[in-house]
Amino acid sequence: MSLSLALNLVAVLVAAIALATSVAVSRRQLRLAQNSNVLPIVLQLFKETREPEFSRAIEYISTRLVIEHAPDHGYRRLPPDVKRDIRRVSLFYDDVGKLVAFGVVEERLIIGSYGLNIVNMWDVLAPYIYKERMLTTRAMLYFEDLAARAKARPMDSVHAQLRLGQCPP
């Protein structure tokens, strides 16, 4: 092999390595830029779920809604405070479902954080939402999709996939 050919091969190899490195760095920078755009959204989601009114609405739906109000007429005809609680929770999860469905927020982050609550809230609210769909519009489609995703991929499996550490007392 001639010296010229060897030098050309080395130059091509160096160029290929430089190109691969450039692509890898560019992909990482793109991912970091996307994450920095999503971070305020994620922080706002976390903040909303820590609001006392949100927690109160979750508790009411979990413990008293079905006892106090049948789903026979959907949720729009329920008393204003009950309707407010249902809408606060269901619209929140519907909006989160939109972010997941469109790939804005990673599904694992949402299910790993809220999975069990999403499923529990859907199980309670589904009869009200389905009745509402029969009476008015096809509401809460993204909430339903999010619940289906959370049932198919339980929180524990997300936590195991992430290899979350444990530190018992």
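Guide: Contact means heavy atoms within 4.5 Å. The structure shown above is a predicted model.

Visitor: Which residues of α5 does α4 meet?

Guide: The axes of α4 and α5 come within 10 Å and cross at roughly 135°. On the α4 side, the residues in contact are Ile86, Val89, Ser90, Tyr93, Val96 and Val100. Their partners in α5 are Glu107, Ile110, Tyr114, Asn117, Ile118, Met121, Leu125 and Ile129.

Visitor: How many nonpolar residues does the contact of α4 with α5 have?

Guide: Helix α4 passes α5 in a left-handed crossing. Sorted by class, the contact of α4 with α5 includes two polar residues and one charged residue. The number of nonpolar residues in this contact is eleven.

Visitor: Is Val100 buried or exposed?

Guide: Val100 lies in helix α4. Beyond its neighbours within four places in sequence, Val100 is in contact with Val105, Glu107, Ile110, Leu146 and Arg149. A residue is buried when its relative accessible area is under 20%. Because the value for Val100 is 5%, Val100 counts as buried.

Visitor: How far apart in space are Val100 and Ala126?

Guide: In sequence, Val100 and Ala126 are 26 residues apart. From C-alpha to C-alpha, their separation in space is 19 Å.

Visitor: What is the orientation of α2 to α5?

Guide: The axes of α2, residues 52-63, and α5, residues 107-135, come within 9 Å and cross at roughly 50°. Angles under 35 degrees count as roughly parallel, and those from 65 to 115 as roughly perpendicular. The angle here therefore makes the orientation of α2 to α5 oblique.

Visitor: What is the handedness of the crossing of α5 and α7?

Guide: The axes of α5 and α7 come within 8 Å and cross at roughly 135°. That makes α5 oblique to α7. The crossing of α5 and α7 is left-handed.

Visitor: Which residues of α7 does α5 meet?

Guide: By class, the contact of α5 with α7 has six nonpolar, five polar and one charged residues. From α5 come Arg108, Ile111, Gly112, Ser113, Tyr114, Gly115 and Leu116. The residues they meet in α7 are Met155, Val158, His159, Gln161 and Leu162.

Visitor: Which residues are in contact with Phe143, leaving aside its neighbours within four places in sequence?

Guide: Leaving aside its neighbours within four places in sequence, Phe143 is in contact with Ser90, Tyr93, Asp94, Ile118, Met121, Trp122, Leu125 and Ile129.

Visitor: In the loop between α3 and α4, what is the relative accessible area of Leu78?

Guide: Leu78 is found in the loop between α3 and α4. Apart from its neighbours within four places in sequence, Leu78 is in contact with Leu65, His69, Lys83, Ile86 and Tyr128. Leu78 is buried, and its relative accessible area is 13%.

Visitor: Is His69 buried or exposed?

Guide: His69 also lies in the loop between α3 and α4. Setting aside its neighbours within four places in sequence, the contacts of His69 are with Tyr60, Leu78, Pro79, Val82 and Tyr128. At 15% relative accessibility, His69 counts as buried.

Visitor: What is the phi of Met140?

Guide: Met140 is found in the loop between α5 and α6, and counts as buried at 5% relative accessibility. Most residues other than glycine have a negative phi. Met140 is not a glycine, yet has a positive phi near 60°.

Visitor: Is Arg163 buried or exposed?

Guide: Arg163 lies in the segment after α7. Although not a glycine, Arg163 has a positive phi of about 55°. With a relative accessible area of 75%, Arg163 is exposed.

Definitions and conventions. Residues numbered from 1 in each chain as written. Predicted model: local features only at pLDDT ≥ 70, side-chain atom pairs only at ≥ 80, totals over all residues. Heavy atoms only, no water. Axes fitted to C-alpha atoms, helices over the stretch in contact; angles between N-to-C directions. Helix = DSSP H or I, 4+ residues; strand = E, 2+ residues; numbered from the N terminus. Parallel < 35°, antiparallel > 145°, perpendicular 65-115°, else oblique. Buried < 20%, exposed > 50% of the residue type's maximum accessible area, 1.4 Å probe, protein only. Left-handed = near helix turned anticlockwise from the far one by under 90°. Nonpolar A, V, L, I, M, F, W, Y, C, P; charged D, E, K, R; others polar.
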